[in-house]
Amino acid sequence: MKTTIEALRKDARRRLRRESISAAAICIVLVTGGALTATDNLPAISGTTTTSAFLLGAVMGLCTVAAVVTIKTIVSLRRALTDDQTLRRLYAKENDEFQAHMEREIARTFIQIMPALAVIAIFVGALVSVEAMAAAAATLVFLSVALLAVKLSYKISLASDTDDVE
């Protein structure tokens with residue numbers, strides 16, 4: 001199946017919009033966390049500001065990593081939209097079968113070991129404090145729900161794509 005350059009551009013623009021929205025949301029979280037920390041208005045979990053500061057630091061670190069990855073993606077998409085050859089190269093790289101196979105296997109392995117990671121995270125959190133253990137458990141519940149939501153959205157997307165083909 002040969003894809004036209006216009007279809008590639010349309011897909012890249014759609015992805016660029018999605019990544020830009022993600023970057024904006026991540027920046028809002030970073031600014032809000034920084035403002036809460038700078039003004040000493042951090043809400044304390046069970047009265048322990050040290051634990052709250054530790055947890056906010058972890059969240060800020062994760063958001064910073066997510067922001068860097070998102071901005072890197074935005075830059076590569078913007079570059080690809082300026083040049084047809086770069087756009088084709090990006091499309092070929094993203095649709096490499098070997099790379100896709102490796103990513104599927106890595107994701108499958110991660111999901112298989114997720115229960116063990118959950119136990120470790122909750123245990124380590126319990127060593128720090130009850131609040132950290134609760135935060136780890138809540139994060140794992142959130143990630144599980146997010147995983148299910150992503151899986152459901154892909155199923156819906158694939159179902160609508162097959163309906164368009166017929």
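Helices here are DSSP runs of H or I with at least four residues, strands are runs of E with at least two, and both are numbered from the N terminus. By that definition, threonine 70 is found in helix H2.

Two remarks on the source. This is a predicted model, in which local features need pLDDT of at least 70 and side-chain atom pairs count only at pLDDT 80 or more, while totals for chains, interfaces and linings use all residues. Residues are numbered from 1 along each chain as its sequence is written, and side-chain values use heavy atoms, with hydrogens and water left out.

I begin with the overall fold. The protein chain has 5 helices and 0 strands, in the pattern α-α-α-α-α along the sequence. Of its 166 residues, 19% are buried, where buried means under 20% relative accessible area, exposed means over 50%, and partly exposed lies in between, with a 1.4 Å probe and protein chains only. Contact means heavy atoms within 4.5 Å. Among contacts between residues at least 6 apart in sequence, 65% join residues at least 24 apart.

Next, helix H1. The buried residues of H1 include Ile5, Arg9, Glu19 and Gly33. Just after H1, aspartate 40 takes a positive phi of about 55 degrees.

The largest nonpolar core has 10 residues in all: Ile5, Leu8, Ala12, Leu16, Ala23, Ile74, Leu77, Ala80, Leu87 and Leu90. H1, helix H2 (49-82) and H3 each supply at least two residues of this core, and H1 gives the most, with 5 residues.

Let me return to threonine 70. With a relative accessible area of 8%, threonine 70 is buried. Leaving aside neighbours within four places in sequence, threonine 70 is in contact with Glu19, Ser22, Ala23 and Ile26. Under the same exclusion, alanine 23 is in contact with Thr70 and Ile74.

I turn now to empty space. Rolling a probe the size of a water molecule over the atoms shows where empty space is left. A cavity is a set of points, on a 1 Å grid over the protein atoms alone, where a 1.4 Å probe fits but cannot get out; lining residues have an atom within 4 Å of a point. Grid points are joined across faces, edges and corners, and a volume is the space filled by probe spheres set on the points.

How many cavities of 30 Å³ or more does the search find? The search of the whole structure finds 1, and the largest cavity has a volume of about 60 Å³. Leu8, Asp11, Ala12, Arg15, Leu87, Leu90, Tyr91 and Glu94 line the largest cavity. Helix H1 (5-38) and helix H3 (84-94) each supply at least two residues of this lining.

Arginine 15 lies in helix H1 and, at 16% relative accessibility, counts as buried. Beyond its neighbours within four places in sequence, arginine 15 is in contact with Thr73, Leu77 and Glu94.

Technical notes. 1 Å grid on protein atoms, 1.4 Å probe; cavity = no way out; pocket = protein on both sides within 12 Å on 5 of 7 lines; lining within 4 Å. Core = buried A, V, L, I, M, F, W, Y, C linked by side-chain atoms within 4.5 Å.
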